[in-house]
Amino acid sequence: LASTAPTPEDVFLREWQREMFERAIADLRAMGHDLRFRLFEQYDLADEPRPSYADLAREHGIPVTTVTNHLAWARRELRRLVHERMERS
């Protein structure tokens, strides 16, 4: 019978990916854009249910378009940071 357990290589790859994201998220936090990171944390790293963009805008006293722009910035930066880490490893 075929095993459905992950192979050691699968486990290693999954842990490596998790570590790359954790470190990139820490780098993003350290960039000092507190509101942008807080919005990213509240929305993209949130447990379910996620707040809506409108809820975040109300909570922080900013327009919904600013929430959208800040989240787009954070996601772009996270992608860049992950790519940089992958290139170095």
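Modeller: Happy to! Helices are DSSP runs of H or I with at least four residues, strands are runs of E with at least two, and both are numbered from the N terminus. With that in hand, Pro-49 belongs to the loop between H2 and H3. This is a predicted model, so local features need pLDDT of at least 70 and side-chain atom pairs count only at pLDDT 80 or more, while totals for chains, interfaces and linings use all residues. Residues are numbered from 1 along each chain as its sequence is written, and side-chain values use heavy atoms, with hydrogens and water left out.

Biologist: What makes the bond between Glu-48 and Pro-49 a cis peptide bond?

Modeller: Look at omega: for the bond that joins Glu-48 and Pro-49, omega is about -5°.

Biologist: Which elements does the protein chain have, from the N terminus on?

Modeller: They run α-α-α-α. The count is 4 helices and 0 strands.

Biologist: Why is the protein chain called more spread out than a compact globule?

Modeller: We use the radius of gyration, taken over C-alpha atoms, and a globule rule of 2.2 Å times the number of residues to the power 0.38. For 89 residues the rule gives 12 Å, but the protein chain has 17 Å, well over that, so it is more spread out than a compact globule. Along its principal axes, the C-alpha trace spans about 55 × 35 × 15 Å.

Biologist: How do you know that the span of helix H4 agrees with its number of residues?

Modeller: The expected span is 1.5 Å times one less than the number of residues. H4 covers residues 64-88, so its 25 residues should span 36 Å, and its end C-alpha atoms are 36 Å apart, which agrees. H1 passes too: its 23 residues should span 33 Å, and the ends are 33 Å apart. After H1 comes Gly-32, with a positive phi near 85°.

Biologist: Why is Glu-77 called buried?

Modeller: Buried means under 20% relative accessible area, exposed means over 50%, and partly exposed is in between (1.4 Å probe, protein chains only). Glu-77 has 15% relative accessibility, so it counts as buried. Glu-77 sits in helix H4, where the buried residues also include Trp-73, Leu-78 and Leu-81. Over the protein chain, 25% of the 89 residues count as buried.

Biologist: What is Glu-77 in contact with, leaving aside its neighbours within four places in sequence?

Modeller: Contact means heavy atoms within 4.5 Å. On that basis, Glu-77 is in contact with Leu-28 and Met-31. Leu-28 is one of the buried residues of H1, together with Met-20, Ala-24 and Ile-25.

Biologist: What do the buried residues of H4 pack against, and what covers those of H1?

Modeller: Those of H4 pack against helix H1 (8-30), H2 and H3. For H1, the cover includes H2 and H4.

Biologist: How far apart are Arg-50 and Ala-5?

Modeller: In sequence, they are 45 residues apart; in space, 32 Å, C-alpha to C-alpha.
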